Amino acid sequence: MTLNPWRLRLLSQLDALGTVRAVAQAANLSASSVSQQLAVLESETRTQLIERTGRRVRLTSAGLILARRARSILDQMEAVEAELRGLNDEPSGLIRLGAFQSSIHTLAVPAIQHLGHPHLHVEIVELEPHASMPALLAGEVDVIITTTDFVELPVPRDIDVVPLGQDPIVLVTPPNHPAADIAACKDEPWAFDIPGSYMAKLATRLCRQAGFEPRVVGRFSNYMLTLKHVEAGLAVAVLPALAVDRRFDVVTRELPVTRRITAAVRRGSRAAITAVLDALHTRSQSDER
């Protein structure tokens, strides 16, 4: 049995994206071409990998096993290719960068734009701090932008951390709102991040330190939705300053709290990962200047 890496990638993408149409868009193919290639993979493996129910498909147990093994196989192939190119001291290959929402367009994207290595490709994955460290440890991503202030999730010993800067935490209120601090908002409705996230835990802790239990009327993983909710006068919120888009008509008041923004990698990372780490650090230094 000889397995085609390209078809394995299509199967892995089907597991991640859920539909043939989504895989086709990601691979720049037609849906029928993807279906044909997956059928060839079933023939090569002599195993039913996909169940078809009407217009929808789902992976069988065997399909799930192969799709998830395929991700590891493809990673190893990419690592070997990168090592071979690395003989010429040129970082290359695919690096997966996990970044929390407000850091994507302020840190991650500008760093990648100025990476300067034509054979090095970066895939950005949105991951909040409560999810990014487990993903790094599991090998699902290679670099993360996170915060070391998440006291519920300490940094493991085999992870290297590079400081990128600090981000003030701000109280966000509707226009003309009189509150000057969190204590003045004890009777206000609150918009929070999703349960278990870094910002949800931080906001809860700050409210309790101010002597009250917040009345939460909305939970949003998207900061734009939070800002829209506040702008409409439906709630107040606590957000990182990086998350506040100035297009929204809201008022921010800096709190005596900051979060430390860091990049983290597994110890002993290869040259390509170090190149991405260096680009992030350079970008953060330029912001400080």
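Trainee: On what basis are the values to be read?

Mentor: Residues are numbered from 1 along each chain as its sequence is written, and side-chain values use heavy atoms, with hydrogens and water left out. Since the model is predicted, local features need pLDDT of at least 70 and side-chain atom pairs count only at pLDDT 80 or more, whereas totals for chains, interfaces and linings use all residues.

Trainee: What is the strand order of the open sheet?

Mentor: Strands (E, at least two residues) and helices (H or I, at least four) are DSSP runs numbered from the N terminus, and two strands pair if DSSP finds at least two bridges between them. Here six strands follow the order E4-E3-E5-E10-E6-E9, with mixed pairing. Strand E4 (120-126) and strand E9 (237-240) each have a single partner strand, so one side of each lacks a neighbour in the sheet. From one strand to the next, the twist averages 25°.

Trainee: How many bridges join E6 and E10?

Mentor: Strand E6 (residues 159-173) and strand E10 (residues 251-266) pair in the antiparallel sense over 13 bridges. Asp-160, for instance, has Val-265 in E10 as its bridge partner.

Trainee: At what angle do H1 and H3 pack?

Mentor: Axes are lines fitted to C-alpha atoms, for helices over the stretch in contact, and angles run from 0 to 180 degrees between N-to-C directions. Helix H1 (residues 5-17) and helix H3 (residues 31-45) pack at about 110°, with their axes 9 Å apart. H1 and H3 are therefore roughly perpendicular (the class covers 65 to 115 degrees). Residues in contact (heavy atoms within 4.5 Å) include Trp-6 and Leu-10 of H1 and Leu-38 and Leu-41 of H3.

Trainee: Which residues form the aromatic cluster?

Mentor: Rings of Phe, Tyr and Trp (its six-membered ring) pair if their centres lie within 6.5 Å; planes under 30 degrees apart count as stacked, over 60 as edge-to-face and the rest as tilted. Trp-190, Phe-192 and Phe-212 form one cluster. Trp-190 and Phe-192 are edge-to-face, at 6.2 Å centre to centre and 85° between the planes. Trp-190 and Phe-212 are tilted, at 6.2 Å and 35°. Trp-190 lies in strand E7 (residues 189-192) and Phe-212 in the loop between helix H7 (198-209) and strand E8 (215-219), so this pair ties together parts 22 residues apart in sequence.

Trainee: Is Phe-212 buried or exposed?

Mentor: Buried means under 20% relative accessible area, exposed over 50% and partly exposed in between (1.4 Å probe, protein chains only). Phe-212 is buried at 9%, and Trp-190 is buried at 0%.

Key
Angles under 35 degrees count as roughly parallel, over 145 as roughly antiparallel, 65 to 115 as roughly perpendicular and the rest as oblique.
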